[in-house]
Amino acid sequence: EPEASQTSPALQSLLPEQAVISRLVLPQHVFTAQDGRWIVDPQIDQQPDTVIEHWQSISGTLVDNATMDQLKPQLNVPETVEVWLHSADEPVRVTVYQLPQFWLLKSWQGNWLAISVDESYLFPH
């Protein structure tokens, strides 16, 4: 049904479906799985599990190349997030741009995804 796909753009996952994060390197914090719990350096106020859960389950609206070209002038300096998965030798490097209305994240498949969440959802304080 082409009509449906045009009114509601497909959501795509940031990470592979069965991905299990073993380490998450954010610009300000590093999360490391150790003995069944998360060690965060430096410490954060919220539960580390919550932040990991957010990153593991992120999906966003696919952004096509034409839209990316229109957005390019607004893009500031990107952040890079490294997501280490249990099954992989190399991390998934996620490029993250913050725009006024939403975030742009580059998925493990190299697609740009737009998500609308509060900054603390992605980056704890």
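Which residues of helix α2 are buried? They are Pro48, Val51, Ile52, His54 and Trp55, in a helix that spans residues 48–57. Buried means under 20% relative accessible area, exposed over 50%, and partly exposed in between (1.4 Å probe, protein chains only). Seen down the axis of α2, these buried residues fall within an arc of 155°, so they line one face of the helix. The arc is taken from the directions from the helix axis to the C-beta atoms.

This is a predicted model, in which local features need pLDDT of at least 70, side-chain atom pairs count only at pLDDT 80 or more, and totals for chains, interfaces and linings use all residues. Residues are numbered from 1 along each chain as its sequence is written, and side-chain values use heavy atoms, without hydrogens and water.

The sheet is open and has 9 strands, in the order β1-β5-β9-β8-β7-β6-β2-β3-β4, with antiparallel pairing. Two strands pair if DSSP finds at least two bridges between them. Helices (H or I, at least four residues) and strands (E, at least two) are DSSP runs, numbered from the N terminus. β1 and β4 are the edge strands, and each pairs on one side only. β8 and β9 pair over 4 bridges. Leu105 stands opposite Leu113 in β9.

Most residues other than glycine have a negative phi, and most peptide bonds are trans. Asp35 counts as exposed, at 77% relative accessibility.
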